[in-house]
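Take a brisk walk through this model.

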Amino acid sequence: MLTATNLGKRVLTGENQLTILENISFSLDEGKSMAILGESGSGKTTLLGILAGLDSPTAGSVSLNQTSIFDLTEEQRAYLRKENLGFVFQSFQLINGLTALENVMMPLELRGDSKAKAKATDMLQKVGLAERLNHYTNQLSGGEQQRVAIARAFVTEPKLLLADEPTGNLDTATGEKIIKLMFELNAELNTTLVLVTHDIHLAGLCQQSITLSGGKIVSRNNHSS
């Protein structure tokens with residue numbers, strides 16, 4: 001489903017070249033899960049952006065479902081994301097002027113799905129927000145907002161879901177519920193899951209994990225399938 005080959009990312013800072021990622025390679029099968037671990041500044045979020053095609057590497061390639069995404073035009077890449085990817089941002093990225101239901105409906109409406117409302121309602125029920133459909137984002141707690149973000153990411157039944165610190169802004173109890181929910185949806189929809197996290201417990205629930213330091217993979221682990 002997802003293959004990264006010799007990925008590198010360098011940027012110019014004045015007269016110097018800064019290496020953010022170097023020689024990153026891994027593969028992940030359909031329906032499996034992988035955690036990306038590492039300290040702040042190790043390159044985790046940059047790697048996630050490249051895997052999503054939101055940022056471009058200076059070396060290497062990313063293949064999604066046997067399509068090399070950086071051989072595509074910007075427009076083709078955007079279409080590939082729309083059809084295949086879900087993304088859970090650390091800061092939720094919900095639209096304040098919309099209700100929970102409207103936020104979750106949005107990606108379906110962009111696809112022209114005539115059943116957007118019914119599908120969004122069903123997904124919000126699955127994440128335990130049946131009573132909060134018509135609440136605006138500023139009326140929701142942090143945990144509820146994250147549930148909306150997860151519902152929005154999963155509602156299109158993406159082949160690949162990328163999540164950046166999905167429990168980073170949540171208390172422990174709420175974070176545990178969010179983790180359980182994500183893996184339940186992962187299993188139900190056979191979604192391939194890639195999580196950037198500092199949480200060793202969360203990483204241990206994934207079938208694979210890689211740890212970055214200074215932009216390089218310094219360890220790999222395979223957990224029980």
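Which residue takes a positive phi in the hairpin of β4 and β5? Asn-65 does, with a phi near 55°, and the hairpin has two residues between its strands. The model is predicted: local features need pLDDT of at least 70, side-chain atom pairs count only at pLDDT 80 or more, and totals for chains, interfaces and linings use all residues. Residues are numbered from 1 along each chain as its sequence is written, and side-chain values use heavy atoms, with hydrogens and water left out.

Start with the sheet. Strands (E, at least two residues) and helices (H or I, at least four) are DSSP runs numbered from the N terminus. Two strands pair if DSSP finds at least two bridges between them. Four strands make an open sheet, in the order β2-β1-β4-β5, with antiparallel pairing. β2 and β5 stand at the edges with a single partner strand each, so one side of each has no neighbour in the sheet. Strands of a sheet pair through backbone hydrogen bonds.

Now follow the pairs. β1 (residues 2-13) and β2 (residues 16-28) are joined by nine bridges. In this pair, Lys-9 stands opposite Leu-21. The two strands form a hairpin with two residues between them, and Gly-14 in the turn has a positive phi of about 65°. β1 also pairs with β4 (residues 59-64), over five bridges. There Ala-4 faces Val-62. β4 meets β5 (residues 67-68) through two bridges. Ser-63 is partnered with Ser-68, and Leu-64 with Thr-67.

Lys-9 leads on to the salt bridges. A salt bridge here is a side-chain nitrogen of Lys or Arg within 4 Å of a carboxyl oxygen of Asp or Glu. The count comes to eight. Lys-9 bonds with Asp-55, the closest N and O atoms being 3.1 Å apart. Lys-9 is in β1 and Asp-55 in the loop between α1 (44-51) and β4, so the pair ties together parts 46 residues apart in sequence. Accessibility has three classes: buried is under 20% relative accessible area, exposed is over 50%, and partly exposed lies in between (1.4 Å probe, protein chains only). Lys-9 is buried at 11%. Asp-55 is partly exposed at 28%.

Another salt bridge joins Lys-126 and Glu-188 at 2.7 Å, N to O. It links helix α4 (residues 116-126) to helix α6, across 62 residues. Asp-122 belongs to a network of salt bridges with these two, Lys-126 and Glu-188.

Contact means heavy atoms within 4.5 Å. Ser-209 is in strand β9 (residues 208-213) and is buried at 4%. Beyond its neighbours within four places in sequence, its contacts include Met-34, Leu-37 and His-223. Leu-170 is in the loop between β7 (160-164) and α6 (172-189), buried at 14%. Leu-170 and Gln-146 are 24 residues apart in sequence, yet 8.6 Å apart C-alpha to C-alpha. Gln-146 is among the contacts of Leu-170, as are Phe-92 and Ile-178.
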